[in-house]
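Hi,

Here is the structure I said I would send over.

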Amino acid sequence: MILVTGGLGFIGSHVARALLDLGESCLLTRHSAAPRDVPAGAAAERLDMTDRDAFLALGDRYAVTGIVHLASTPLRGTDVVAEMRANTAGLLNAFEAARAWGVRRVCVASTIGVYAGVRDSPFREDAPLPPGVPHPTPAFKRSAEALASAIAGHAEFEAVCLRIGAVWGPRGRAESPFFALPGLVNAAVRGEPYPGKAYAGDGIDALYAPDCGRAIALLQTAGTLRHAIYNVGSGGVTTNAEVAAAIAKAVPDAPIELAEGRSPGGPDEDYRLDVTRLRADTGFAPAHDLDGAVADYVAWLRGRAEGSPRR
């Protein structure tokens with residue numbers, strides 16, 4: 001059984017579905033509310049990841065063989081010390097549980113944000129990371145990667161860090177402060193113009209959420225992994241112009257307006273992840289092209305609006 005902390009959240013729900021599709025049983029946790037929308041074949045528990053005793057007690061009720069640690073306290077910078085303390089406690093509790101339960105592998109969520117300041121794209125996992133981090137989230141993720149490396153070196157389990165790129169799709173935010181794609185699709189389904197200003201030439205390494213979930217599930221269940229850090233992304237750049245073209249096929253009457261060119265003051269090159277390691281060690285390739293992903297997300301959003309069961 002694979003424990004997925006945050007397994008009823010955005011990315012976690014897609015990881016759970018992918019693990020179930022691979023024939024794995026899952027234990028899913030959520031902190032903020034009683035478990036809901038639990039997929040068939042999975043168990044769910046409410047868990048405060050900072051509560052060491054409650055975390056370890058899961059092992060008394062379930063035979064956990066692997067951990068995907070996605071749960072986190074949002075790092076908004078309102079109380080950086082408290083936020084960092086909570087996330088570090090959750091991470092250390094996951095590692096302590098792995099040791100106590102004899103777990104084979106722990107996958108820990110990191111972020112593309114750790115590459116802040118790296119100039120060469122695509123970003124490779126072995127790229128030197130410059131000192132100094134502009135935001136609490138990549139700062140914590142860098143520290144989590146360092147802790148994972150140090151602890152795994154003295155434990156009998158693997159710790160694998162996942163540098164996850166821009167993920168979008170069902171259960172995700174309707175709008176993102178980092179890229180326009182989800183907001184463009186949501187606005188189109190509502191029949192409204194995009195509320196911000198999106199430039200046709202801007203792009204990012206965007207990965208559809210079900211594909212992200214499958215990539216993480218493959219990393220968790222792979223027989224052998226040759227590295228301790230993996231990028232999780234598409235490996236390519238999706239521009240807003242390409243998104244608009246895909247939306248026009250799925251929602252022909254959508255009022256899409258994009259500014260020409262690239263955003264002033266933005267980078268000269270769109271960032272993307274090198275996913276050579278991921279592909280080589282798991283065989284992963286996205287199952288959805290952009291047209292298919294947009295059409296699938298549009299159908300999910302319309303189904304949710306009509307009150308049909310969500311998947």
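This is a predicted model: local features need pLDDT of at least 70, side-chain atom pairs count only at pLDDT 80 or more; totals for chains, interfaces and linings use all residues.

The buried residues of helix α5 pack against β7 (166-168), β9 (206-208), β11 (238-239), α7 (240-250) and α9 (290-305). Helix α5 itself covers residues 181-190, and eight of its ten residues are buried, so the helix is mostly covered. The buried set is Leu181, Pro182, Gly183, Leu184, Val185, Asn186, Ala187 and Ala188.

Arg171 sits in the loop between β7 and α5, and its phi is about 75° even though Arg171 is not a glycine. Its relative accessible area is 23%, which falls between the 20% limit for buried and the 50% limit for exposed, so Arg171 counts as partly exposed.

Now for the helix pair. The axes of α3 (residues 80-101) and α4 (residues 136-152) come within 11 Å and cross at roughly 30°. That angle is under 35 degrees, so the two helices count as roughly parallel to each other. The crossing is right-handed. On the α3 side, the contact is made by Val80, Met84, Asn87, Thr88, Leu91, Leu92 and Phe95, while α4 brings in Pro136, Ala139, Phe140, Ala144, Leu147, Ala148 and Ile151. Sorted by class, twelve residues of this contact are nonpolar, two are polar and none is charged.

A bit more on α4: its 17 residues reach 24 Å from the first C-alpha to the last, close to the 24 Å expected at 1.5 Å a residue. Buried in this helix are Pro136, Pro138, Phe140, Lys141, Arg142, Ala144, Glu145, Ala148 and Ala152, so you will find Lys141, Arg142 and Glu145 on that list. What covers the buried residues of α4 includes α3, β5 (105-111), β6 (158-164) and β10 (229-232).

In the loop between β5 and α4 you will come across Pro122. The peptide bond joining Ser121 to Pro122 is cis, with omega about 10°.

Last, the other end of the chain. Asp21 belongs to helix α1 (residues 10-21). Is Asp21 buried or exposed? At 63% relative accessibility, Asp21 counts as exposed. From Asp21 to Val68 is 47 residues in sequence and 16 Å in space, C-alpha to C-alpha.

Cheers

Methods. Residues are numbered from 1 along each chain as its sequence is written. Side-chain values use heavy atoms; hydrogens and water are left out. Helices (H or I, at least four residues) and strands (E, at least two) are DSSP runs, numbered from the N terminus. Buried means under 20% relative accessible area, exposed over 50%, partly exposed in between (1.4 Å probe, protein chains only). Axes are lines fitted to C-alpha atoms, for helices over the stretch in contact, and angles run from 0 to 180 degrees between N-to-C directions. Angles under 35 degrees count as roughly parallel, over 145 as roughly antiparallel, 65 to 115 as roughly perpendicular and the rest as oblique. A crossing is left-handed if the near helix is turned anticlockwise from the far one by less than a right angle, and right-handed if clockwise. Contact means heavy atoms within 4.5 Å. Ala, Val, Leu, Ile, Met, Phe, Trp, Tyr, Cys and Pro count as nonpolar, Asp, Glu, Lys and Arg as charged, and the others, Gly among them, as polar. The expected span of a helix is 1.5 Å times one less than its number of residues.
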